[in-house]
Amino acid sequence: MYNKMNRTELEALHAILTEEYKAAKEKDLKLDMSRGKPNPRQLDFSDGMSGMPWGKEDYISSGGDVRNYGMLSGIPEARKLFADLFEVSPQNVIVGGNSSLNLMFDAVSRAYTKGIMGNTPWSKLDKVKFLCPVPGYDRHFAVTEYFGVEMINIPMNEEGPDMALVRERAESDEAVKGIWCVPKYSNPGGVTYSDRVVKEFAALSPRAADFRIFWDNAYYAHDIFAEDSLLNIITECEAAGKPDMVYEFASTAKITYAGGGVSVIIASEANIKDIEKSIFYQTISYDKVNQMRHARFLKNPENIREHMKRHASLLAPKFRAVLEGLDKNFAGLGIAGWTKPNGGYFISVDLTEGTAKETVRLCKEAGLALTGAGATFPYGRDPKDSNIRIAPTYPSPEELAAAIDLFCLCAKLAAVEKLLA
Ligand SMILES: Cc1ncc(COP(=O)(O)O)c(C=O)c1O
């Protein structure tokens with residue numbers, strides 16, 4: 001335990017770690033654990049999709065020719081595929097373009113310009129606030145920051161967001177209009193919301209009539225070591241008499257191609273009608289040829305699950321390399337805690353307070369790129385300067401083992417320097 005060491009011991013340790021760091025720097029490493037993107041070998045799993053549709057008949061959807069305008073809410077085959085996957089009706093699904101983040105941005109943008117279901121556009125209000133479970137996904141926070149929303153940190157625990165705080169904020173303040181959620185294998189903690197948390201979400205009685213839960217189910221099918229189960233928020237909200245309170249989002253970015261997949265928004269029929277009214281002006285139709293390719297290639301939920309097992313077979317050794325490296329280097333030191341997710345794309349590490357930025361800096365100088373410290377919090381401000389997101393998907397297991405050793409060395413050096421200061 002570093003915090004049990006006296007000054008002389010810490011100084012001796014500091015000298016050893018500094019030597020190790022110097023030696024690591026001389027290796028001229030070029031490592032990267034910053035990017036939550038699939039490795040090319042994962043992309044190869046969807047090679048069967050290139051060249052599709054294959055023949056003229058494949059362009060003909062039950063809703064018409066996918067090469068032509070029309071079917072604004074998506075081709076029936078793709079709507080059904082996602083309806084089956086998320087256990088809702090096709091009328092609850094709009095299949096969009098290549099990015100779910102784009103659909104989320106559009107949802108906030110619509111709320112600002114037109115208002116949700118006849119409510120006052122957010123642009124006409126003095127203040128709009130969003131609840132942001134932390135640590136969370138930087139691109140969510142970037143969307144709300146872009147629109148000038150005031151973001152309020154909500155701590156995450158092992159069951160999901162602190163629901164007492166969510167309830168207190170949403171039910172007392174009309175300016176609170178929404179909450180960002182990644183309910184399965186959260187980015188970055190890998191937390192799956194418990195049944196209790198999902199039910200508490202459905203039972204919310206927000207002050208704002210146009211409060212929406214932004215339920216970004218990006219990692220719904222992304223099991224690696226086990227299959228976490230997540231309650232269906234759409235049916236839970238329906239059962240609680242609040243069918244309109246949620247917008248659910250997902251995409252195939254980490255199923256087929258990142259940036260070249262298809263996205264979905266899932267919501268009550270009333271919400272879907274409200275959204276359709278706006279997208280009518282926004283586009284004549286999304287890329288339905290790509291939707292058809294995906295519907296033909298992915299086929300059904302069972303097939304998607306089989307497909308995801310191939311991803312898991314590549315990702316499991318990578319996540320294991322990171323977790324074993326953290327165990328080996330940090331055990332018993334009392335300077336770090338980390339998550340052990342069953343799936344998703346990330347591992348979240350909490351270091352000694354006040355050392356995350358310095359650790360990232362030391363890593364960078366020695367050739368290891370990490371997601372910036374603070375990125376997992378609104379405005380890029382981690383009040384404890386402690387959280388770091390590890391993205392193990394892109395590098396090889398061997399590169400990851402080397403990267404984790406270096407990361408831990410830098411974190412130890414930063415922790416000792418903090419104690420000595
Ligand atoms: C939680 C979460 N949502 C959305 C996305 C982006 O999805 P898309 O490529 O469909 O925009 C990511 C990508 O990392 C993510 O982690």
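The structure is a predicted model, in which local features need pLDDT of at least 70, side-chain atom pairs count only at pLDDT 80 or more, and totals for chains, interfaces and linings use all residues. Residues are numbered from 1 along each chain as its sequence is written, and side-chain values use heavy atoms, with hydrogens and water left out.

The protein chain holds 13 helices and 15 strands. Both are DSSP runs numbered from the N terminus (helices: H or I, at least four residues; strands: E, at least two). The radius of gyration is 23 Å, close to the 22 Å that the globule rule gives for 421 residues, so the chain is as compact as a globular protein of that length. This radius is taken over C-alpha atoms, and the rule is 2.2 Å times the number of residues to the power 0.38. Along its principal axes the C-alpha trace spans about 75 × 55 × 30 Å.

Of the 421 residues, 56% count as buried. Buried means under 20% relative accessible area, exposed over 50%, and partly exposed in between (1.4 Å probe, protein chains only). Contacts, defined as heavy atoms within 4.5 Å, were then sorted by separation along the chain. Among those with a separation of 6 or more, 77% join residues 24 or more positions apart.

Helix α12 spans residues 356-365. Its buried residues are Ala356, Thr359, Val360, Leu362 and Cys363. They lie on the same side of α12, because they cover an arc of only 165 degrees around the axis. The arc is that of the directions from the helix axis to the C-beta atoms. Lys357 and Lys364 are exposed on the other side of α12. The buried residues pack against α1 (7-26), β13 (347-351), β14 (368-369), β15 (387-390) and α13 (397-420). Gly367 follows α12 and has a positive phi, near 95 degrees.

The loop between β13 and α12 contains Gly354. This glycine counts as partly exposed, at 33% relative accessibility. Its C-alpha atom is separated by 4.7 Å from that of Asp385, 31 residues apart along the chain. Gly354 touches Lys384, Asp385 and Lys418, not counting residues up to four places away in sequence.

Helix α7 covers residues 195-202. Val197, Val198, Glu200, Phe201 and Ala202 are its buried residues. They pack against β7 (160-161), α6 (163-172), β8 (176-181), β9 (212-216) and α8 (233-239).
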